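Me: I want the reasoning behind the salt-bridge labels. Take me through the pairs after the structure is shown.

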Amino acid sequence: MAMACLNPATLSRAAPRCCSLPTSSARLARAAAAAGRRGGWRLAAVAEEPQAVQKQEQRTSRSDEADGDGAAMASSKLVLVVGGTGGVGQLVVASLLSRNIKTRLLLRDPAKAVSLFGKQDESAFQLHKADTRNAADLDPEMFEGVTHVICTTGTTAFPSKRWDGDNTPERVDWDGIRNLVNAMPQTIKRLVLVSSIGVTKYNELPWSIMNLFGVLKYKKMGEDFVRDSGIPCTIIRAGRLTDGPYTSYDLNTLLKATAGERRAVVMGQGDKLVGEVSRLVVAEACIQALDIESTEGQIYEINSVKGEGPGSDPEKWKELFRSVQSN
């Protein structure tokens with residue numbers, strides 16, 4: 001079973017954390033593009049021995065070539081993002097738009113997306129109002145032409161204002177995921193689901209504390225439903241989320257202020273990681289997993305530590321994913 005290398009300075013109890021919204025679509029797109037240009041992150045991963053760290057030299061020219069290839073292929077892809085106005089979701093959407101990848105958002109409040117991302121060309125950016133908690137909302141039309149799906153929905157682990165309107169872990173992480181998957185056509189090429197580390201250990205300390213209201217249990221149930229659906233999938237189990245949430249801040253300024261912090265990626269399998277992860281890293285991992293064949297049917301835990309990392313270089317992400325795969 002593959003494990004990832006942990007940085008002791010970054011160890012903490014990993015808990016699902018939701019986030020608020022930034023206020024500028026232009027800043028989101030610029031920030032996503034800037035984050036990609038900063039590329040060349042250092043890879044840190046372990047295949048067999050917990051303390052073995054693999055480092056990789058920067059390949060800037062190779063990254064530029066890969067980015068160009070990705071832009072050329074963008075017209076054949078339509079990505080449905082569920083939870084696209086949340087802390088990770090908004091970064092996923094901004095990055096997709098910056099790469100000229102056609103994007104469709106499934107969300108409860110389309111006006112919120114307009115305030116975030118502004119007016120966009122409808123041929124490249126579409127909004128569908130729906131609530132995954134209500135199966136009747138999921139009209140087959142919203143999946144028309146969709147090739148890939150990224151789901152970043154979630155709520156807080158403990159009772160909060162986010163729970164208002166029956167927005168509990170059971171309703172979001174179980175009912176919502178089950179309804180979404182049941183409505184999806186089998187023609188979807190890949191579903192990427194963002195989950196949480198610790199979901200297989202929700203009866204053990206310290207995870208049982210985070211699971212007092214069932215968040216880890218329901219996330220695991222959602223994972224299992226996705227895996228049993230027959231739809232090609234990749235599950236990204238994130239550590240405790242950092243870098244955000246972005247509310248009244250200038251996102252571009254925030255990204256510049258945190259450049260070089262927690263961009264080195266630590267990945268594993270087997271639910272053994274404990275630590276934190278940048279929302280930027282999670283968003284990039286979701287987008288990269290869409291097209292990396294070896295990630296199909298796989299579950300990855302992901303953390304990030306101080307240092308440089310893979311940026312948006314597909315080859316570096318391929319190496320990172322493969323370095324921890326058990327089969």
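Reply: This is a predicted model. The structure holds 14 salt bridges.

Me: What makes D175 and R171 a salt bridge?

Reply: Their closest N and O atoms are 2.9 Å apart. The cut-off is within 4 Å, so the pair qualifies. Both residues sit in helix α5 (residues 169–183), 4 residues apart, about one turn of the helix. D175 and R171 are both buried.

Me: Why is the contact of E276 with R240 called a salt bridge?

Reply: The closest N and O atoms of E276 and R240 are 2.9 Å apart. That falls within 4 Å, so the label holds. This pair links distant parts of the chain: E276 belongs to strand β10 (residues 276–278) and R240 to strand β8 (residues 240–242), 36 residues apart.

Me: Why is E276 called buried?

Reply: Its relative accessible area is 12%. Buried means under 20%, so E276 is buried.

Me: And what makes R240 partly exposed?

Reply: R240 has 27% relative accessibility.

Me: Why is K318 called partly exposed?

Reply: K318 has a relative accessible area of 24%. Buried needs under 20% and exposed over 50%, so K318 is partly exposed. E315, at 27%, is partly exposed too.

Me: Which residues do salt bridges with shared partners join into one network?

Reply: D166, R171, D175 and R178.

Terms used:
Residues are numbered from 1 along each chain as its sequence is written. This is a predicted model: local features need pLDDT of at least 70, side-chain atom pairs count only at pLDDT 80 or more; totals for chains, interfaces and linings use all residues. Side-chain values use heavy atoms; hydrogens and water are left out. A salt bridge is a side-chain nitrogen of Lys or Arg within 4 Å of a carboxyl oxygen of Asp or Glu. Helices (H or I, at least four residues) and strands (E, at least two) are DSSP runs, numbered from the N terminus. Buried means under 20% relative accessible area, exposed over 50%, partly exposed in between (1.4 Å probe, protein chains only).
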